[in-house]
Amino acid sequence: MAAPSENMLDFETELNEMSGGAFTQNHLQIIQNLTKAFREQDFRANAEKTVFQNLVKVLTQLSDEIRALDQQSPAAESMRLRLQLTAECFRSQRNAAVQCARNQCLMRDLGFIPVSLTVLEALPGLQVENAAWPIEALRCGIQFLGNLAVGNQVCKDDIWKHCFPRLFLDLLDHGDEKTAAYASMVLYTCLDEHKVQQLVQNREHQELAMRVISLCQRQPELDWAVLIVTQHFLKSSALVETMFVGLEHQERVTLLELITAQLGEEEEGAVEGCRVPPRLARFLASHFQERCKVVLSLASQSAPDEEALTVMRLLDLLCEMTSDHKKLMFLQDHPDLLETTVELLREVHAVGKASRNVFTVVQDFSAGGAGPASHPAVSFKAHLVRLIGNLCHAHTDNQNKVREMDGLALILDNCNIDSNNPFISQWAVFAIRILLEHNRENQEMVRALERRGVADDSALRDMGFRLEERDGTLLLKPLRRDH
């Protein structure tokens, strides 16, 4: 194998001869050889400036010819060769930038970024015989930008200056999944706190953020898009609030699922602190309070309402946020959140009793029964009970509020097994245990309910618990096997 210095001289000569003349198949082989050479660390580290100078001349010529040829409706082979050469130039540039800050800065200084972006802007609109030709060049060009940005703040800022927001918008919305994925990689690499704040400034900037959420919905397995949301967007409450208002309901659900996933990671100790800012938590709680009653429409509709689905997903998230995430437990004192939840449970429970609908208690677990997967509203009542329990945990004022709203009997009435609400009986037992803990007034209320026959402990016994009075205190105890 020839020494790097010998190869370098050959490439300098060959690339110099390429520019200005007509491109041929032999020129494609030259660029392919350069791509292979740039895979070697020694070659990358010692590449002469003249190699890059000649390479950018070739790319500039290709850019000019592609735009001119598209207007003239050229022969297919003529366009195909130029697109192959363009893709190969991008591959060479991509390889040259790998873990090499010196080459990254050199290519930036020589103008590779604006020339490359001129090509990328032209490629999607080309009318060619084979749609795969420009897509291959598009993919490689975006990968080059990604490699150029990695670990190099100057290049990140320059790429952002040229791409934000219009080119990012176009690429993230591209019909080719890999193109959109590579564009999300570049966007993730370029983003920082200052650039995230730019997204809040006007409608077009916010559209870029919402386009990322749309990409998460279309390609849920795409890590780069998810990381943009979880590691950048969620740090800005103002951005997430603005996005939430502008998103379609299905996209709102996607955003809420991503937030929930972050809480799950925190539970596993994957991150320190809490990635859901307090301001955002308050906003989500308030939105739930404002819109939660739309779920009642599900009792009379055959198809789920999209806004109702959003509310149900928001309820799931509120349950997670109040599940001992210490930095979010201030939600226990969020104005009227507990009252709203208790009242909604009361209304949903009443609607379920008034007629047969999705909120009606069903105890049929057969294949032909309602079944836990029969409707999106499944588990909604169970989650309302769970949220009430969470909001009352070690919180005397909230325990008292539930009693004052006649919520104790309501929760006891939901201790029955319900195939539309798997685990609702367990959540009801959990909530009752919390509501009785260190609260004599609530204990007396449950005792009075039991004596009046308003609530008995048969459902609790079915779940393995019993009510026991000891020294004037009502306790929820495990049921012994001999009972």
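Proline 165 sits in the loop that joins helix H9 (153–163) to helix H10 (166–172), where helices are DSSP runs of H or I with at least four residues, strands are runs of E with at least two, and both are numbered from the N terminus. The peptide bond leading from phenylalanine 164 to proline 165 is cis, and its omega is near -10 degrees. Most peptide bonds are trans.

The model is predicted, so local features need pLDDT of at least 70 and side-chain atom pairs count only at pLDDT 80 or more, while totals for chains, interfaces and linings use all residues. Residues are numbered from 1 along each chain as its sequence is written, and side-chain values use heavy atoms, leaving out hydrogens and water.

**Two residues with positive phi**

Serine 379, in the loop between helix H19 (337–354) and helix H20 (380–392), has a phi near 80 degrees, which is positive although the residue is not glycine. Serine 379 is buried, with a relative accessible area of 15% (buried means under 20%, exposed over 50% and partly exposed in between, using a 1.4 Å probe and protein chains only).

Aspartate 406 also has a positive phi, of about 60 degrees, without being a glycine, and its place is the loop between helix H21 (396–404) and helix H22 (407–412). Aspartate 406 is exposed, with a relative accessible area of 52%.

The chain has 25 helices and two strands, and 53% of its 483 residues count as buried. Among contacts (heavy atoms within 4.5 Å) between residues at least 6 apart in sequence, 73% join residues at least 24 apart.

When neighbours within four places in sequence are set aside, isoleucine 411 is in contact with Leu345, Val385, Ile388, Val402, Ala428, Ala431, Ile432 and Leu435.

**Two helix pairs**

Helix H11 (residues 177–190) packs against helix H14 (residues 223–231) at an angle of about 30 degrees, with axes 8 Å apart (axes are lines fitted to C-alpha atoms over the stretch in contact, and angles between N-to-C directions run from 0 to 180 degrees). Here Ala181, Ser184, Met185, Leu187 and Tyr188 of H11 meet Trp224, Ala225, Leu227, Ile228 and Gln231 of H14.

Helix H5 (residues 76–96) and helix H8 (residues 132–149) pack at about 20 degrees, with their axes 8 Å apart. Their contact includes Leu83, Ala87 and Phe90 of H5, together with Trp133, Ala137 and Phe144 of H8.
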